[in-house]
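Let's take a walk through a protein together, one stop at a time.

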Amino acid sequence: MAFADFANLLKASMGLDAASIGGSAVERAVLERVSACGVAGPDAYWQHVCASPVELQQLIEAVVVPETWFFRDRQAFSTLVRVAREAWRTTPADGVHRILSIPSSTGEEPYSIAMALFDAGVAGDRFCIDAVDISAHAITVAQAAVYGKNSFRGRELGFRARYFDATATGHRLADRVRRQVQFRQGNLLARDVAAEPTRYDAIFCRNLLIYFDRPTQERAVRALERLLAPDGVVLVAPCETGVLLNHGFVQLEAPSAFAFRRAGARPAERKAGRRKADSVLLRRFRLGPPPTSVPVARTAAAPPVPAADLASKTAAPAETVVNLDEAAELANRGRFEEAIERCEQHLLRSGPSAEVFHLIGLVRDASGNPTEAERCYRKALYLDPHHDEVLVHLMLLLEKAGKTSEAQRLRERTHRLQQGSRTKHAPTL
Ligand SMILES: C[S@@+](CC[C@H](N)C(=O)[O-])C[C@H]1O[C@@H](n2cnc3c(N)ncnc32)[C@H](O)[C@@H]1O
């Protein structure tokens with residue numbers, strides 16, 4: 001029995017595109033299950049897994065990527081708070097905001113939603129959260145709500161002192177947060193989840209679409225649409241924005257990106273259209289500290305930048321501080337050429353930088369010049385081969401251009417990088 005048959009089985013049952021988790025991951029999972037079941041080999045295991053839904057679930061458990069942590073991509077949670085407040089301004093005083101986290105993995109995401117709303121002063125009876133994941137193991141961990149170091153990343157960990165008690169086995173989440181979330185096992189692509197009668201005001205569907213191929217992404221978006229209230233908001237991961245933009249959603253005009261409504265749900269958003277959506281992407285751009293006004297010599301590691309990139313504009317006066325925040329802001333206002341000019345001045349002052357080429361790439365992308373955008377993303381990656389956002393933007397661009405095999409290679413590279421960070425953050429419970 002070829003491993004490709006197992007990959008097809010997993011695609012049919014959970015939507016997984018085996019290539020997205022690296023070529024040999026399915027093979028490893030099958031061999032692990034062969035050994036756990038004590039069967040003779042993959043052929044015998046194939047018979048077993050096809051006959052047993054319980055074993056199919058075990059195989060699914062062996063391939064899922066449960067990577068998650070509290071307040072992953074913080075802006076998503078502040079956007080949710082803003083959207084909920086906005087909704088309460090227009091709904092009756094007792095309106096309850098219904099939120100779905102799918103996939104919820106081991107619970108960090110839905111619990112972060114609850115903590116963000118509590119932090120914003122929202123009472124527990126004003127919102128409820130359903131949390132769904134295909135992994136029964138992940139749901140069990142989520143319900144236990146005791147977390148190790150790996151779940152707390154980054155510097156802003158004040159919430160840990162507010163909502164957790166340190167215990168011998170890890171940090172235990174406060175009951176009042178736990179009570180806000182109802183967990184259940186479910187598959188986004190299965191009929192029972194899509195047939196769920198609740199219509200959600202907000203759906204977090206982050207870091208799942210990236211594991212699907214295009215037709216499966218389409219099915220997933222249709223399932224999300226069925227679960228979404230008419231004016232509801234879907235939040236995806238930074239690397240998944242292209243999927244919704246390609247399926248009739250518009251990005252919210254919000255001080256953060258990655259939140260979408262159905263096109264036409266709001267008149268203002270209907271007018272804003274695609275260009276606004278792209279400009280919001282720029283707002284999300286993570287800029288380093290502004291450079292000093294003193295020109296910085298290029299580093300030895302930096303590659304030569306074609307003269308045309310730098311010489312087309314006159315050098316900024318020596319006393320000018322070239323601030324990338326301003327460049328991003330100009331881009332957000334649709335003043336693309338001025339934004340590019342600032343970026344080029346920055347390159348002249350401070351030498352090549354992945355951040356600047358990333359921003360120029362985003363501007364070129366937003367202004368409808370994919371060829372130039374691709375060139376800039378490639379330069380950014382040359383300078384910083386591990387820049388995950390550039391990897392993802394280039395991957396989406398290549399996918400759109402139909403360069404699927406290169407896009408696939410980038411997808412695998414992104415995945416390997418994520419796996420690497422996972423190993424670094426080994427659980428320490
Ligand atoms: C990388 S985690 C994402 C968790 C969280 N949303 C986040 O962004 O941190 C991916 C999760 O998707 C779940 N999953 C995979 N396929 C699924 C499907 N078809 N339906 C529901 N959950 C699925 C996996 O079990 C895993 O827990």
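In which loop does Asn-207 lie? Follow the chain to the stretch between strand E7 (200-204) and helix H11 (214-227), and there Asn-207 is. A word on those labels: helices (H or I, at least four residues) and strands (E, at least two) are DSSP runs, numbered from the N terminus.

Before we go on, some ground rules. What you're looking at is a predicted model, where local features need pLDDT of at least 70 and side-chain atom pairs count only at pLDDT 80 or more, while totals for chains, interfaces and linings use all residues. Residues are numbered from 1 along each chain as its sequence is written, and side-chain values use heavy atoms, with hydrogens and water left out.

Back to Asn-207. Its phi is near 60°, which is a positive value in a residue other than glycine. Asn-207 is also buried, with a relative accessible area of 18%. Here, buried means under 20% relative accessible area, exposed means over 50%, and partly exposed is in between (1.4 Å probe, protein chains only). You'll find Phe-71 in the loop between H4 and helix H5 (75-90), and at 9% relative accessibility it counts as buried.

Now for the ligand. There are 19 residues around it, and Asn-207 is among those that come nearest, along with Thr-68, Pro-103, Asp-133 and Asn-187. (To be near, a residue needs one of its heavy atoms within 4 Å.) Some of the neighbours make polar contacts, meaning pairs of N or O atoms within 3.5 Å; within protein, one must be able to donate a hydrogen and the other to accept it, and residues adjacent in sequence count only if both atoms are side-chain atoms. Thr-68 places a polar side-chain atom 2.6 Å from an oxygen atom of the ligand. Pro-103 uses its backbone instead: an N or O atom there lies 2.7 Å from a ligand nitrogen atom. In the side chain of Glu-109, an N or O atom is 3.0 Å from a nitrogen atom of the ligand.

Let's head over to helix H1, which covers residues 3-14. Phe-6, Ala-7, Leu-9, Leu-10, Ser-13 and Met-14 are its buried residues. Seen down the axis of H1, they fall within an arc of 160° (taken from the directions from the helix axis to the C-beta atoms), so they line one face of the helix. Just after H1, Gly-15 takes a positive phi of about 90°.

Our last stop is Arg-261, found in strand E10 (residues 259-262). Is Arg-261 buried or exposed? At 2% relative accessibility, Arg-261 counts as buried. A polar atom of its side chain lies 2.9 Å from the backbone oxygen of Asp-231.

Key:
Expected span 1.5 Å × (residues − 1).
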